[in-house]
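Colleague: I'd like to learn how to read helix packing and chain contacts in a model. Could you walk me through one?

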Amino acid sequence: MTSKRAWSALAAGAAAIVVYYLIPGREQSALYFVIGATSVVGIFVGVRRNTAVEQRLAWYLFTVGLALEVAGDFVGTIVYELGLNREPPVPGIDDVLYLAGYPFLIVAAFMLVQRLRLVRSGVVLDSLIVFLAVGLVQWVYFIDPYNHEGLSHTAERLVSQAYPAMDAFLLVAVGQLLMRYVKNVSFAAFIAGIASLIVADEVFAIANSGYAGLDWIDAFFLGSYVLLAFATLHPSVEEIHANEDDSARLALPRLVLLGGALLTAPCVLLAEKAAGHRTHLSVGIFGVLVALAVLLRIVGVLRDVESAHSAEQRARRESETAQQLLAVQNQRLRELDTLKDEFLSSVSHELRTPLTSIQGYVELLREDEGNPMKRGYLDIIERNSERLLGLVADVLFAARVLEGQLRFEFQPVDVARLVHQAVEEARPRATSAGIELLAHDGTAPEVDGEPARLSQLLDNLVSNAIKFTPNGGRVDVRTSAADGFVRIEVSDTGVGLSAADRDHLFERFFRSQTALERQIQGTGLGLYISRAIVEAHGGRIGVTSVEGEGTTFLVELPVRA
Amino acid sequence: MNHRPYVICADDDRDILSLVALRLERSGFDVATANDGEEALALARARRPVVVVLDVMMPRLDGVELVKTLRADADLGDVKIILLSARAQDTDVARGLAVGADAYLVKPFKYTELAEEIERLTR
């Protein structure tokens, strides 16, 4: 059922009520019943279509209640007025049906209250307070008067008093629903429908003398049928659910409710006195009871508010403590970081200082040495101290990678130019190893990077290729650009890598089987460092290889944004 | 008073200091050596050098502080300064140049590198 169709039904109901006032008596009575009966059918259809199976019980009870009301209408209007052509007796079968319908309506309304999770300790007390206040008014103005009317039958008196008593319950339910009013068309129509029924009942009870001159209240009875049908026909009936924000608050509706309840007894007393009626003892007792209940309720609410407040304060204190702790820990981490950095710098310094003397004096000796054999020995020392220096640099670099202390200062870098430089620097080594080194200079867009680190990366790759390629082999370096990446490819025609070696190639201190077998020098850190550099630049590094045929390393660096 | 250019070398590592001094003397410089920054500063104030070659990590007055002192000195402000250090990180180099050194060489160095820098600075 779409909301459009529900609104159409509401409009049709309103139109029917207007028509009701335009047509003569007998047809009017028939239409009264038809409107009621149609509404009950509408409610039944709405419940079937719009509510979930597990929630239908309340709505079915509701439907039964209204069906009993309409059955009462049937007896009163169709059977007596149209069929027997006289007013129904009081009490009659119609009264029995009407009064039988109320408990269903009341239970259904309270089930809805419960579905809104309104029945909690405080809310039960609220209900009691409202019931006491409403009951007082109902008693003084609608129920007690029948005790003094001298009605002929006890049955007639009891029936007349039963209506306002039932209304008291319905009023409490409506009060509770209003306390937790949720913005919902169906919910609003439901409350309006029940309220309309109560108004009609109360007016009827005050008049206490049949329908004479009270034709207008039929609009309220009929209006309640139509509104209730609309409430279930509208699809939003399924969205009536609890408002999760159920914090303890001295909210305005609750204040109005409690205040109103507190003032009921004094107001009734004053009104009765002004009207010159005798003062009821019961009113005083009611007043005291209501005052006590309200007091109890306010204490409860204040306690709730206080505990919510202190919980909030506790939470805030805890979060402050946690933040302070975090700040202290951060400070410690920063200090530790500095300490580690300082340590690595010192180690580097202490290792480089003796190497400076070794290399410097070897260089001096070598220049002075005339004996070729001794010069050759000095060459060996020089080469090995160079190796040691490289190892020192690599180990410290790897330590920085591990500590997460690599800091890069990016700037626009022309990768093609760096590739060219790296190749030219490696050329003497390639030539002396009998390897053809070719740079296929391509143009490539700039990348964001640190030139020194990227040079280190390129030198690593080119040096590796030379180291692992036998005499007569060839190394190709290509630069290109594709899909937002600058690609650098370093291919050799060297010994290649086994699949097992490929898997571990970029791990720290990993040496491939071929490197070990052929005693090719290295620390196992070069590719680990290369990967760290590439990843710090947001790039990727990979390798393809055919054992015995060669290896290709591929680096991809994102193009500068 | 000879006409060879006067160079002051300062390093707390005596082996390196001797090596640098020997090399520079062989290259035709008049060399004075100091074991720390204070000594180097005293030497420079006594006789204005063409170039000073300073280690960074030295006791008493370190290389970086000495560069600052020299740059602030009315007479010695424009003396050429080469820092020679085993502190090899990029940040160390940047800091040395930032306080006013003309060149920063990382140890271990090849003598030809030092000779080229001196040549470049005294040209």
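Modeller: Gladly! Keep in mind that this is a predicted model. Let's begin with a pair in chain A: helix 12 of chain A passes helix 13 of chain A in a right-handed crossing.

Colleague: Which residues of helix 12 of chain A and helix 13 of chain A make the contact?

Modeller: From helix 12 of chain A they include V415(A), L418(A), A422(A) and R429(A), and from helix 13 of chain A they include P451(A), L454(A), D459(A) and I466(A). By class, this contact has twelve nonpolar, three polar and three charged residues.

Colleague: And how do I describe the geometry of a packed pair?

Modeller: In general, two packed helices are described by the angle between their axes and the distance between the axes. Here, helix 12 (residues 415-432) of chain A and helix 13 (residues 451-467) of chain A pack at about 40°, with axes 9 Å apart. That angle makes helix 12 of chain A oblique to helix 13 of chain A.

Colleague: At what angle do helix 2 of chain A and helix 3 of chain A cross?

Modeller: The axes of helix 2 (residues 25-50) of chain A and helix 3 (residues 56-84) of chain A cross at roughly 165° and come within 9 Å. Helix 2 of chain A and helix 3 of chain A are therefore roughly antiparallel, and the crossing is left-handed. Their contact divides into 16 nonpolar, four polar and four charged residues.

Colleague: How many residues of chain A are in contact with chain B?

Modeller: 15 residues of chain A are in contact with 14 residues of chain B. Helix 10 (residues 281-368) of chain A gives the most to chain A's side, with 13 residues. That side of chain A divides into five nonpolar, eight polar and two charged residues.

Conventions
Residues numbered from 1 in each chain as written. Chains lettered and ligands numbered in written order. Predicted model: local features only at pLDDT ≥ 70, side-chain atom pairs only at ≥ 80, totals over all residues. Contact = placed C-beta atoms within 7 Å. Helix = DSSP H or I, 4+ residues; strand = E, 2+ residues; numbered from the N terminus. Nonpolar A, V, L, I, M, F, W, Y, C, P; charged D, E, K, R; others polar. Axes fitted to C-alpha atoms, helices over the stretch in contact; angles between N-to-C directions. Parallel < 35°, antiparallel > 145°, perpendicular 65-115°, else oblique. Left-handed = near helix turned anticlockwise from the far one by under 90°.
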